[in-house]
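Biologist: Please put the model up, and then I will ask what stands behind each label you use.

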Amino acid sequence: MKVTKAQAQANRAHIVDTASTLFRERGYEGVGVADLMAAAGFTHGGFYKHFGSKADLMAEAASCGLAKSAEAAAGTDRESFVRYYLSREHRDAPGQGCTMAALCTDAARQPAGVKAAFAAGIEAQLAVASTPEEQADTATAEQARARRIALMAQAVGALVLSRSCPDDSALADELLDVCRADALARMTGASAP
């Protein structure tokens with residue numbers, strides 16, 4: 001039976017979405033094409049009808065995951081975002097969480113297409129986090145961008161470090177707690193405890 005163009009596009013989108021989740025859970029090297037296609041409900045042989053290579057899929061899946069993260073963050077105030085991002089709940093669900101925290105270290109070792117997807121996704125996340133007031137004044141916008149970059153680096157780094165510790169480690173929680181308190185204190189101009 002011939003697959004319609006619309007169905008082929010839907011199948012491709014489903015494969016990309018499935019890959020985005022699996023890559024965040026297991027890393028790029030932890031997911032083979034056969035396993036990925038099986039998880040998406042397709043045969044291994046169909047992969048190359050949709051993608052030229054696994055690297056092509058990795059770049060598209062990264063773009064998908066990063067876009068979803070930016071979309072989710074767009075409707076959230078900064079304080080709520082930081083509280084959730086630096087939480088045990090987010091830490092323990094990498095497949096549903098931030099693509100940057102799950103895959104940045106993997107992306108650093110990947111082809112240019114994957115790195116370009118991450119750069120675009122990081123820029124999109126920085127843009128989503130800006131406010132109209134910050135954008136109105138060039139000097140304010142530059143300072144605010146620098147603060148958003150620092151906050152992003154701290155939050156992603158804290159999550160990556162926390163995930164690298166054993167699940168029951170006190171240090172895993174301490175990393176999140178300290179960085180969350182510091183980020184929230186800097187947002188309000190208070191000093192961290």
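Modeller: Of the 193 residues in the protein, 38% are buried, meaning under 20% relative accessible area, with over 50% called exposed and partly exposed in between (1.4 Å probe, protein chains only). This is a predicted model, in which local features need pLDDT of at least 70 and side-chain atom pairs pLDDT 80 or more, while totals for chains, interfaces and linings use all residues. Residues are numbered from 1 along each chain as its sequence is written, and side-chain values use heavy atoms, with hydrogens and water left out.

Biologist: Why is Gln-154 called buried?

Modeller: Gln-154 has a relative accessible area of 18%, and the limit is under 20%, so Gln-154 is buried. Gln-154 lies in helix 10; helices (H or I, at least four residues) and strands (E, at least two) are DSSP runs, numbered from the N terminus.

Biologist: What does Gln-154 touch, leaving out residues up to four places away in sequence?

Modeller: Cys-179, Asp-182, Ala-183 and Arg-186. Contact here means heavy atoms within 4.5 Å.

Biologist: How many helices and strands does the protein have?

Modeller: There are 11 helices and zero strands.

Biologist: What makes a set of residues a nonpolar core?

Modeller: The members are buried Ala, Val, Leu, Ile, Met, Phe, Trp, Tyr and Cys residues, joined through side-chain atoms within 4.5 Å. The largest such core in this protein has 42 residues, and Phe-23, Tyr-28 and Leu-36 are among those with the most contacts inside it. Several helices supply at least two residues each, including helix 1 (5-26) and helix 11 (170-188). Helix 4 gives the largest share, seven residues.

Biologist: Which residues does Phe-23 touch, not counting those up to four places away in sequence?

Modeller: Tyr-28, Val-31, Leu-36, Lys-54, Leu-57, Met-58, Ala-61 and Leu-103.

Biologist: Why is the pairing of the side chains of Arg-180 and Asp-177 called a polar contact?

Modeller: The term needs a pair of N or O atoms within 3.5 Å; within protein, one must be able to donate a hydrogen and the other to accept it, and residues adjacent in sequence count only if both atoms are side-chain atoms. The two side chains make their contact at 2.6 Å, so the pair meets the distance limit. Arg-180 sits in helix 11 and, beyond residues up to four places away in sequence, touches Val-82, Arg-83, Leu-86 and Ser-87.

Biologist: How far is the C-alpha atom of Arg-180 from that of Ala-19?

Modeller: The separation is 30 Å, for residues 161 apart along the chain.
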